[in-house]
Structures are given as C-alpha cells and as structure tokens.
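We will go from the whole chain down to single residues, one stop at a time.

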Amino acid sequence: MSESEKTPGLKKSANEAAQRILQWAKEESVGTCFDRADKLKPCPIGHTGACCKNCHMGPCRLTGKNAEEEGRGVCGATLPTITARNMVRSIAAGTSAHSDHARDMVLTLLAVAEGEAKDFQIKDVKKLHRVAGIIGVPTEGRETNAIAKDVALAFLEDFRRTKGELNYIKRAPKKTQERWKKWGVTPRCIDREVVEALHRTNIGVDADPDHLLQQGVRTALADGWGGCMISTDITDILFGTPEPVKAEASFGIFKEDEVNVVVHGHEPTFAETLVDVVGEPELVEYAKSKGAKGINLGGMCCTANEVLMRHGIPTAGGFTNQEIGMLTGLVDLMTVDVQCIMPSLGELAKKFHSTLVTTSQKAKIPGAVHVPFDEHNAKETARKIVRMAIDNFPNRKPAKLHENQKFPMIGGFSEEYIQYMQGGRWRGSFRPLNDAIMAGRVRGVVGLAGCDNPRMVATGVHRYIAMELIKQDVLIVSTGCGSGACGTAGYLTPETALEQAGPGLREVCEAIGIPPILHLGACVDNSRILTIATAMAAEGGLSDEIGGMPAVGIAPEWMSEKAIAIGVYFAASGVPVIFGGDSPVQASKEVTRIMTDVWLERFKGALHFEPDPEKILAMAFDYIDKAREALKLKKYEPGRFGAERVLMDMAARRELEKQAKPHVGIGY
Amino acid sequence: MSKLIAAGAIQGARAMVEKAREALEKAIAEKGEDFKFEFVDTAFYLPMIYAMTGFPVKTLADMKTALGFAEELLHESPGSETWLPYLGEALDSGMGMLFAEEIWLAARTVLGLEPAVDPETGYVYNGFITDTIQRNLGIQLVDGTMPGFAVIIGAAPDDDTAVKIARELQEKNILTFLCGNVNGNSVTKQLLRKGVELGWDSRIVPLGPDVEHALYAADWAIRASLIFGGKKPADFKAHLLYQKDRVFAFAIVLGPLNDTIWATGAGAINMGFPAIADTDIPVIHPTGVCIYEEVDKELDHSRIVQKAIEVRGLKIVVEKPPIPVAYGPAFEGERIRKEDMFIEFGGQRTPAFEWVRMREMDEVEDGKITVVGDNWKQQFEAGGKMPLGIIIDVAGRKMQKDFESVIERKIHHGINEAQGLWHMGQRDLNWIRINKAAKSAGVTLEHLGSIFTTMLRYKFRSIIDKVQVTIYTQEDEVKKLLEDARKSYKERDERLGSLTDETVDTFYSCLLCQSFAPSHVCVISPERLGLCGAYNWLDGKAAYEIDPTGGNQPITKGSLLDSRYGRYSGIDDYLKKASGGAVESLNLYTIMENPMTSCGCFECIVAIIPEANGVMLVQRGHQGMTPAGMKFSTLAGSVGGGMQTPGFMGVGRNFITSRKFLAGDGGLKRVVWMTKNLKESLREALTQRAVEEGVPDLLDKIADEDACEDSEKLLEHLAKVGHPALEMDPMI
C-alpha cells in the first residue's frame, strides 16, 4: 500500500466517495470522528493495557523500564495481572453485547411461538428443524410453534444455566471440544461466564494472568458458540436463512428524489419490520403527497448487513461511514438500535434536517427522538417512524453535493447456501472446497472481519488485504464492517474473481459463479465461520478439528470490545487471528505470550496484534502455508494445482468401505 | 466459461419439463390418469425418481405428481452482470432434467414410441434396460472384466472414427451405451454402416436416437445402488455418493453441444459422472462433485477414450495375447454363423478335447507352443473342419492338482475373448470355430497356443510359473490322447465328489462384490458355491493362492456350533469383520435363520411359501408370476444389498442339487415349485438327488408355471400329487 494510505492525516477514508464528502465537510467546518481522532490521541498507557482503574485507589499506571517485572499497582497487582484483567473485561463486555442481542432474539422467538408477536412468523421451518435436531428438541409430528417454543426455552437456558455446558458446544468438532475440556474452558452458560469474568477481575480476586485469561477464553467461547451462534440461527429461523442476493453499496444508494430511511446498528428485528411496511401503498402514497417519488430504505453497519443478506437492502457501508452518510444531507430519518452508534449523530443530525430515532429500550442518545420498539407492536411502530421520515422530507435542504458512487454486490452467503452452492440440493457438501484447498487451487481461507477505524485510512487496510489475499488464491469470507469495506470498494462481485483472483481461486469461483469474497452477514454472524470450519473438518481431507486448517482470521481495523470477544473465541476454537493496529496487551510480554504461544499450543489458535498491513499478510500466509505443510497438502504454487489422480482398480474399490470414516456431520 | 454451461443446463431442463408435460398430457388423453405404468421388468418404478425421492410412480397420475418434483428443481438463468451463483442451481436443474426425461420416456412408452425404431433402417434400439440384464452382468461388474461404462452422445466426424472409438472401448472392456445424434447421424448408425456387431454381447448398446435416451443409462446405473448397494429409496445422498465412488461411468460427447446435452450432463454430474467432449467447449476442472474434472475436452479422437478414463479415475489393466485380432470380454459374446465360419474343431464333428495337466517344473518349457501333425498347415489352410487335441502343461511352485479344472475352465473365456474366435463346451465336449475375418487377419493354430501361454500365465500368476502348449491335429493321435484325458477327467470328478463340507477345514469367502455391495460376504464351501454361480470352492482356493490379499479369503471353519443349520464359529468370527459389522452370524444350511446375504447377482431366488410348508425356486430372467405373489424382479428387491432376510435367499443354480441345499430345513423335499427352466437344466442331477432323498418322482411332484402361478392352485396341486412337504415338520 502507498505511504499516503498508511499515514493518517493525508487521507481519511479509502472510499473515494467518503473522502469527497469529508473534504466538503471540512470546507463546511462540520467535524467527524476523523477530526476527533486527529485531535485526540489515544492515552498511551491505557492503549497498551498498562492502566488499571478497577478500584478507586487508582487509576494505577504501570510504566517505565522493567514495568513487567517490577511495576506494581497500589494493591500490588503486577503488569501482567493488570493487562490480563483489562483484556478479560473487554471480552466480557463484547460477549455481553452479542449475547444481550441474542437474548432478545430468543425472547422474540418465544413471543412468536406463543402467538404474542403477531407481526412475525417463523419463516424458515427447515432451519428450525435443523436447529432443533442439533440441540435435541423433538420435531417429529409436532407443530412448528411447539418446536419453536421448546427451542427458545432451551436457548434461554444457555443464558442462565449454572452447571453443564452450552447447547451448541456439541456442534463443534469432537477434537476441538476435547481441547476445551482439557483446558477447562468449556462455557457453562453466557451470563455466569460474564459475571464470573467481572468478578474475577474485581479488586483483589484473581491475579494469575493465565488463570484470568482462561476465564476470558471461556467467556469468549460463550460468545461465539452461544450468543453469536444463537443469534444467527434464530434470526435465520424468524427471517429466513440467507441465499445470494443482489444489492448495492456506497453513498449513491441514497436517493435525491425519494424519502431516505436509514437503518443503523445491529439488530434485525425492527429493520425487518421496516422492510415489511415500507412498500405499503398508503405509505408510498403519503410519501408522494409530500413530493417524494417513493420511499427508499437503506442501511449502514450491521443492521444493514442483516437486511442486505435477506432482502438486498442497499448499504452505505460500515462504522466510519455513519457520520458521512448523514453529511450527504439526504438522510430524512435514521433509526438506530444498539452497538457502534456514534453519540455524535445526535448533534450531527441537528446540523441537517435529519431525524435521528432511537428504537432500543437500551439506548437513548441526546439529540435523538426515542420511539421504543418491541416485538408486540412492531408494524405500528415501523409505520409511525416511516411517517416521521416522510413528514421530514419537505424539510430537506437543497443538496450541496451530489454523490452518485455505488457498486453492485452479491451478499447472502449462509453456511447452508455455501454447502448448497457446492453441489446443489442433491450433492451439496464441502467436498469441493476441501478438494480445492487440498489441490492447491485455493491456498487457504481467511475470515476478514471487524470494524473500520478512523485511526487509520478507514477501510483502506481491509481493501489492501482483501486484494492481496485473493490475488494469491485465498478465499475470503467476510462479515460486519469487513463486508462493508469490501462492498463499498466494489469487490463483492463475481466479476472480481475473473479480473483479480489468482488462477486457482478464479477457477473455483468461476465453476460456482461466486465472488472471491463471500459476504456472510453481520458481525454477530461470525458464528457462520465457526460452523463452516466445522463442516470442513467433518468433510475430511483437511484437519479433523477447526485447529490446523489453512485458515486465518483477520480484523485489520478493529476497535470494538466485541471484536476482542470474537478474536478470542476464534483463537480458542483453533483459528490463528491477526488484529491490526496497536496491541491492547502490548504493555505485558507475558500476556502477549499467553495469547499467542500458549494458546497456539493449547487450542491451535492465537490472537496477534500487528499494526503493519504487510506484516499481517506475511503472517497470514505463513500460518496458511505451515498448516498446509502439516496436513501434507500439495505445496501452494500459483497457477500450478491439481490433485494427483488415484486410479481405481477393483481391489481399490472393495477397500472403499474400510477407508470411509463415519460422517459426523454438522447436524444438517 | 462455466456460466455458459450452467445457463444451458438451466434452460435445457426448463424446456424438457415442458416437453415431458406435453407427452404426458398426450398419454393421459389417450389412456386416462389411472392407467397403470411400469417399465418392462423392473421392481423400481421410474428408477431415478424412486431412488431420489422414494416416490413410486405407478400410474400416469403419479407421473404428473413426479413432474412436479422436476419443476421444483428449475431455476432462473444467471444474469449477464453481477450474476448470482449458478453451480448448485445448474446441478438441481440437471436432476430435474433426469426426472423429466424419465417421465418423457415413460410417456412415450405408453404411447408405443419406445423402444425407438429407426424409420429408415427399421433398427430397434434397446430402450429401457431391465433388472434382469443388470443382475446378469453381476460378476462382470466386480471381477474387473467390466470396469467401466461409457455413454457416447452424438456422432463421430466420420464412420471410421466411430469404429475406432468403439473398438478402443471394447478392448478396454468398457460397456458402451449409445444415444443422441448430430443432424440425424449417430454413432449407432455409423457402427451399423461399418458392420460392427451391436448389443449386450458385444458391449455396445444403442439406447435410442436422442440425447434423452441417455436417461436409460442413468436409470441402469442408479439401480446398482438400489440392487447391489442396498441403499434405501429417498436416501439420495447415499445413492449419489455410491454412484460417484463405485459406478465408474462417464460420457463422451461427439459433435456440438446444446442445452439438452448440457442439462443431461448436469444430471450426470450429480451422479459423479463427468463428460468429455471432442469440441472446444468451456471446461469445469475443480473437483469434489465428481472425483476429478466435471467437464473436459479432448479434440484428438485417438486420445479421447484414454482421457475420459483418466478423468473418471478409472484404472484399466488389459493383458492381450500376441495375436492378430482384437481381444477382450467385449468379443466374448460374438457368434460365428456357418457362412462366416472358416474352420471348426470338435462339436461332434471331429474328435477334440482340451486338457490341462500339472507337471513338474523341469518338465515344462515356458512359452513353448508345438503343433503336432505332419501337414497341419495345409489341413488348416483348407478350412472346413479338423481334429484338435489341446494339452496345456502347467507347472508352478504353488500349483496343485486341484487347480487343473479351475484353469481348464478358463480356456473357454481365453478363446472366446479373441475377436473372430468362438468356443463352447469343455473337456472332450468342446467346440471351437474361427471365422473368415480372423483367418484373413492371420490367425493360425499357433495363436491358440499363445492365448494360453499369455492369458493363463497372467490370470494364474503366482500359481503358474510355466505354461507349455501342445496341439494335436491328427485324428488317430487325438483319439489316443483323448483316452488319457478321460481318465484324468474321471479322477478329478471322483476327487470333487469326495470334497464335502466335513472333509475340509477351510472355507473361502468371496468379497468380489464388495466393490458394489459393501456389506455382503459370500461363504463358499465345497458343497455350496457362490450365489452368482461363478465361483466354487476350488475357484476360491485358487484365487486365494493367486492373490493372498484379493477378493477370496480363507475362512477357518472353527468349531461346529450347529450341525443341522450349518453354523461354524470360524464363519461367524470372519463375518463380523468382513461385513463391517453388518452381519453377525450365518447358517449355511437353512433359509429360516440367519441365512446367507446376497449382493444382488444371484442366479436364483429361494423363497418360502408358508402355506405350502415349502419353498419355491425361480431363476433370474423369469418374467412370469410366482406363487410367492411376486415376480422375480420384485422378489429380488427384498433379497439383495447384503441383508439377511429369513425365508428369502439368493443362490447359485448348482447349489440346488447339493446335498446341503436347505439340509437343515428338510432339503430338496421342501421344494414345492420351480420353473420349468430350472427343472430341465438340472434334470439329471435333480433326479439323482431325488432318488437319494427317497422320493424318486419328486421332480414330477414339484409344481411349475404350467401347473400354477399362485399359492391357492399350488396347494391344490400339492395335495393332488401328494407332495412330501405337506407331511414335513412346519417350517415356521
């Protein structure tokens, strides 16, 4: 990447349209996160994990030479203790975010099953049956709602159980489960792990860094195999398991002649309701009566991803685009729910005609109108908010800038569809992907996820890494703002495979008809990567657990505590993970060692922090190629692939049965 | 690019569903919705639809329902820009195509349009392939003599190329199906013009003139997993993986492709069958749906067969003797009519015999071929007929006297597999013909010798180290040696007669069929040959000596656990391992409790008739009804696939005359009904056994299809003739 892209200041966003709008905002003296980031440098002590403010004797800052060995807080806590405690608290916070979202999804499913949420139905009965099958809820001859109720109640247990283990633990490959058991990190439930994490990091409880991080791992696993996975599955059950869909990305999705309603945040429920009502003739007529040609629903961040995956609703991009979206002056109304919503939006909205609406009972923002939403009055609330947007349309000021940039994209890749696309209804499996990896057509798989970040050229590192990976035959699965970054760069098209991918990856993408980067959904849908990796392990020919796969997770622009929870649950599930930017545990060598070397040995995964994008790439390739070597796969050579043919005579055919391993399956 | 193929498949399937609907509506208009339909001689309804969905199509109304399944599998074509993925959708369309083709062909059958007839030449295509043919092929599918299957679609650029491709497939032992056409021309027509013999015997089977007729081949393949694999209807994943892993079929597409071909090809890819074209088409190389490439091309016709075989992952080892004509099992079935014949030997026309003798190592000069007779060359050149004594001396460190007969029986295949040579009978009842084409290609008596020196050495490698052939042509000499040979035959028969289950301590398994029927194990004892009829105890013993890790393994009998039912501890121990745990215990001499399992290629079925207190016997290929209330094809469905079904069992023909046949259930006297075919073919031995059983007129008391085809009439018959079964202990 170029020097200017690496150096913040010269360029704010890699998205050209964002850059143009920011330029305009600068001229108009409207500030954004980019300006605030320039003005406010991160505290160098807290930034590296050396600050403890867990009690009021501090904050204690452990700095200076030999701080690792000699530094002590007032209570006597060492630097490794403090850094580990900070890390564990981040994990607990991130886990809380996904899991609280998941709990609401479970409660919505329960309400639907009990007939209390008339505006919702179970759209994907097949998925309900699949999930019921995995967690042992009987389905044979039962009413859909009865099954749904039992599924919801079973998942509710995942929040409050005090003994035992999460329902979905058994969904992981056997060997992966064994590792968790061996190292005492199998989560019992979600709430207890979070509470225990907060307890143990309280003043004067747990002081052993490895022991602390062990609870961090257990909490993160409760996030991945609990909160995230439950949320993904229930969202699929209620709103449909995604299948590929065409959409558009970037700021050109806002329409100058229509009422622009923008959804932002992370929860799908209200946005789904908006999708349902926005086309209602009365509302469209009402919009026309106010001089608009129609109503245009768009989104940003992960709420956008949710409705993009299922309905092709266009997206304006990820985290750093939220203020920029408002800056277009075209947003008549933005509804926000939870997570990653900049409080600045309240003030910013006031500078334009835009209305900011908070809909979650958990989040109010100064400057926003609060219209609480719950599943019992869904459509009514949605109609009310759309009317507010329409009423606001006449207040729109003549546009000062016209930004038309938008890119077509394909989204909607669920685990189920990825299996389907490799063989259809009859032959769908992960055999072709495993084969492609074994033959060296596909060098490996990278999960490109995480936030985008104003402390670097926003989305620029995502773009750089994505392009370099696909050129070298690495298949990418992306989620959250990783998908936003790639979508607003125009990368999520099948044409990208033909024009940019390495020769092996290109052949695979061409055979199936897919982009080289598969958009799996919101950040909570990182759980789909876990189930995909599990399916690959079950299919055979690669590793028989998640660990040891030629696969890496990369979150090059992360900033949220949720990203930390995700990074840790991937590491503990067996995926080496590389985060960009500075390390939040940089202060302690010991904590860094535990999270890399020790975890790698125990779980075959690790969590690295590496600010240099080129080094991130090099590390990723190194992990992938070493995994290939350990699995005795064909050495990756660009353009040279193909399996050695094993020609079968009759004796070899008779042996088939003996070689066949029982298919442990993925519960599908 | 692949998108083009996918779009073609998706469009092709859409069009086919409409075409099938039209044909079906026509059939319904003519016959009504309730019209019952079945393809000739199958127990599996419309086999593809049945295997994939479990839905048995029995009437035209059912066909309408099934067409709905095909319709559900249709998709939209991928767009031209930012297209949606298309592989899964194309493969779904391919399956929809197979369903629609099956319905179209069924409707055409109802309308009297199938099997298709060529309007110009009157040539009748094979059409639907029966269950009987499938089962007949049995042992060939598993012993390596029919390792793969080709479907040729279209026409070669010229007749000679078509012949070359067909001959190459024949020489590689591959069963070839023909269908499709290029502007009316087809490989079928090209081969007919060139006088190539078509049909099951020559392993080139024209299915029909259109691409859609390829479905008959797919229908044939899918029955392998139903019959031999024991896969349940609707367990589509199991069926399709079986097809991919075990049915080594592929398509060769000659000439331009269209949507119908793409869609049919997509259907075949679901089954793991790749397609190789001779035109410059887009290819699909990534693997995983097929074992290797899904679609490939080879523009050079001299390489296309080899390419197809490699792409399918097929290993073919062909051993060919140094003779001037083509060689392989595909030529085994060819007939030599009198007018094509150049010369013949034996067959009651001249004295002749064939005799394999075990000799000491120093008595045999390996590869030596001698033709004895003063002017044999002139005699041969004159054609007509001449005496022929063939003595094959073999020696080897592991050679045993018992193997003489095993080796001698291979003479039949050895000669027949040569193009233009024909053999029948054995020992001193043999009959050999050489046709004019083979003669003009340069075949002489010495070539007979080289067939034996190469092929016997190859087939019995590790038993035979040396082979020497002496051929006698002078009548007096042949007659003299014939006496020695007969002495040897007699000794062998006596030895064989003394071989009983009690006198040996080792039985042999036959696992050859496990390439198709993974949990089936044949247990072969001296008095019970394999159910396919192809392997007896001596064959098993020899095969084990040839290849100690091969398909025939020794089973130490162990202790006798049940003398009446024939249960041995060694058999049980062996079975648990060899059947992968599917079968725990086996009784050799009863049908009522843990009887032997079947792969699917049994010669006959024994089935209990409870009301008659006995059993019935029906052979493969018998098309009529039986007193069990089922035809052979339906009965067979409940016997195959490696399952133990008390009261039902597949057996070899010659087991019926064994003293151990149902010995635990009362033996031959339990037989209350058998087909005339069986009665006649086994009459002599059966009569002898009947005498031994103390009921000399038993054969006359056993009913056949002339007496009855249902159990009510059977009971009347048995009562009338006083069949002994009525007086025996109850079977159940």
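What percentage of the 732 residues of chain B count as buried? The value is 55%, where buried means that 20 or more other C-beta atoms lie within 10 Å of the residue's own, exposed means 12 or fewer, and partly exposed is in between, with C-beta atoms placed from the backbone.

Before you select anything, note that this is a predicted model, in which local features need pLDDT of at least 70, side-chain atom pairs count only at pLDDT 80 or more, and totals for chains, interfaces and linings use all residues. Residues are numbered from 1 along each chain as its sequence is written, while chains are lettered from A and ligands numbered from 1 in the order in which they are written.

**Whole chain B**

Select chain B and look along its principal axes: the C-alpha trace spans about 80 × 70 × 45 Å. Its radius of gyration (taken over C-alpha atoms) is 27 Å, which agrees with the value near 27 Å for a compact globule of 732 residues; the globule rule is 2.2 Å times the number of residues to the power 0.38. Switch to cartoon and you have 23 helices and 23 strands; these are DSSP runs numbered from the N terminus, helices being H or I with at least four residues and strands E with at least two.

**Domains**

Now colour chain B by domain: 2-110, 131-312, 329-487 and 506-727 are domains 1 to 4, with bounds from an automatic or database domain assignment. Nine residues of domain 2 are in contact with five residues of domain 3, contact meaning C-beta atoms, placed from the backbone, within 7 Å.

**The side facing chain A**

Next, show chain A as well. The contact takes 44 residues from chain B and 41 from chain A. On chain B, α1 (2-31), α4 (87-110) and α9 (236-246) each supply at least two residues, and α4(B) gives the most, with six.

Stay with α9(B), where eight of the 11 residues are buried. Among them are Phe236(B), Leu240(B), Leu241(B) and Tyr242(B).

**Into the core**

Which residues have the most contacts inside the largest nonpolar core? They are Leu109(A) and Val672(B), in a core of 466 residues; such a core is a set of buried Ala, Val, Leu, Ile, Met, Phe, Trp, Tyr and Cys residues joined through C-beta atoms within 7 Å. Centre on Val672(B) and you will find that it touches Ile609(B), Met616(B), Ile702(B) and Leu718(B), among others.

**A hairpin**

Strands β12 (421-424) and β13 (431-435) run antiparallel, joined by four bridges; strands pair if DSSP finds at least two. Trp422(B) stands opposite Arg433(B), and Gly425(B) takes a positive phi near 75°.

- Gly58(A) and Pro59(A) are joined by a cis peptide bond, omega about 5°; Pro59(A) lies in the loop between β1 and β2 of chain A.
- From Glu114(B) to Pro115(B) the peptide bond is cis, with omega near -10°.
- Gln348(B), not a glycine, has phi near 65° and counts as exposed because it has 9 C-beta neighbours inside 10 Å.
- Ser462(B) has a positive phi of about 75° and sits in the loop between α15 and β14 of chain B.

Conventions
Contact = placed C-beta atoms within 7 Å. Lists of a residue's contacts leave out its neighbours within four places in sequence.
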